[in-house]
Amino acid sequence: MERHEAPNSEVFLQKYRVLEGLLEKRYEGRKLSCSSVVMEYIRDEDSRSVRVDLDLMRDIRNLLSHNAGRNGEPVVEPSAEMLERLDAVMDYVRQPRRAADFGTRAENVLCAHPNDEIRSVMRNMRKNGYSHVPVEEGNSVVGVFSVKCLFDYLAENGLNALPEDARISALGDRIRLDRKKGEHYMFVSADCSIVRVRSAFERYTERNCRLGMVFVTESGAPGEPLICMLTPWDVLSDQTPAKEAAHESG
């Protein structure tokens with residue numbers, strides 16, 4: 001008996017249902033703002049690079065599901081290319097790109113410690129061309145030492161405010177992560193998408209309030225060991241995996 005291939009319209013709807021299943025699994029246990037998981041994903045920051053295709057596919061699905069010609073035939077017939085693009089979107093949803101896979105791994109990040117001499121840290125920063133270094137205590141990031149925080153401290157307290165052997169801790173609130181003035185820093189979880197981090201850098205830029213670094217920890221809590229660190233330079237192009245060399249925080 002001769003076997004006939006299913007029309008593209010039927011294949012499209014089958015694939016679309018698979019996509020819906022993938023997204024239902026993605027949002028399992030979460031409160032959704034949309035009745036459709038596809039629409040929910042379209043509004044998700046992670047869908048940015050496939051959003052145009054998703055919008056088109058959603059329209060095609062609605063046309064196929066709710067409209068038919070006079071003889072019952074579908075009003076549109078998706079092309080082979082559209083089926084391939086739907087496959088590509090499903091692959092994208094199956095393997096979301098995590099922020100933890102980009103930027104600089106913790107073991108390669110140049111860090112300072114509260115008891116380090118400022119002069120010694122600055123010497124290393126100058127040697128490597130860094131303008132910022134995270135300040136760690138134990139295994140967690142507790143602050144950031146930067147050229148700007150030192151400049152602000154001296155501008156406020158005088159050029160002789162610090163002795164030559166002054167330690168990082170002498171800068172007090174200037175290195176705190178939660179200080180109200182100066183640059184801002186953000187912690188995200190290990191499953192956070194690179195798209196969300198990129199959007200965060202862009203939002204801060206739009207508000208003229210610089211986001212200096214993003215720190216990745218297991219659940220996004222500041223007290224946890226650092227997994228990865230990202231700067232704006234890391235998200236200008238999110239095609240490169242985590243760097244193996246020490247990070248240039250300039």
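Serine 9 is buried in this predicted model, because its relative accessible area is 9%, and buried means under 20%. The residue is found in helix H1, which covers residues 8–26. Apart from neighbours within four places in sequence, serine 9 is in contact with Leu64, Pro74, Val76, Glu77 and Pro78.

Helix H1 also holds phenylalanine 12 and tyrosine 16, which are four residues apart, about one turn of the helix. Both side chains carry rings, and the rings bring up a further topic. How many aromatic pairs does a search of the whole structure find? The search finds three. In one of them, the ring centres of phenylalanine 12 and tyrosine 16 are 6.1 Å apart and the ring planes stand at 25 degrees, so this pair is stacked; planes under 30 degrees apart count as such. Phenylalanine 12 has a relative accessible area of 0% and is therefore buried. Tyrosine 16 counts as buried too, at 3% relative accessibility.

Phenylalanine 187 and phenylalanine 215 form an aromatic pair as well, with 5.2 Å from centre to centre and 40 degrees between the planes, and this pair is tilted. Phenylalanine 187 belongs to strand E4 and phenylalanine 215 to strand E5, so the pair ties together parts that are 28 residues apart in sequence. Are these two residues buried or exposed? Phenylalanine 187 is buried, with a relative accessible area of 16%, and phenylalanine 215 is buried at 0% relative accessibility. Ring pairs also bring in Tyr185, linking it with Phe187 and Phe215 into a cluster.

Strand E5 (residues 211–216) and strand E6 (residues 228–230) run antiparallel and are joined by three bridges. Across this pairing, phenylalanine 215 stands opposite methionine 229 in E6. Phenylalanine 215 thus has a ring partner in phenylalanine 187 and a residue opposite in methionine 229.

Arginine 26 lies over the face of tyrosine 27, at 5.8 Å from the ring centre.

Notes. Residues are numbered from 1 along each chain as its sequence is written. This is a predicted model: local features need pLDDT of at least 70, side-chain atom pairs count only at pLDDT 80 or more; totals for chains, interfaces and linings use all residues. Side-chain values use heavy atoms; hydrogens and water are left out. Two strands pair if DSSP finds at least two bridges between them. Helices (H or I, at least four residues) and strands (E, at least two) are DSSP runs, numbered from the N terminus. Buried means under 20% relative accessible area, exposed over 50%, partly exposed in between (1.4 Å probe, protein chains only). Contact means heavy atoms within 4.5 Å. Rings of Phe, Tyr and Trp (its six-membered ring) pair if their centres lie within 6.5 Å; planes under 30 degrees apart count as stacked, over 60 as edge-to-face and the rest as tilted. A charge sits over a ring if NZ of Lys or CZ of Arg is within 6 Å of the ring centre and within 35 degrees of the ring normal.
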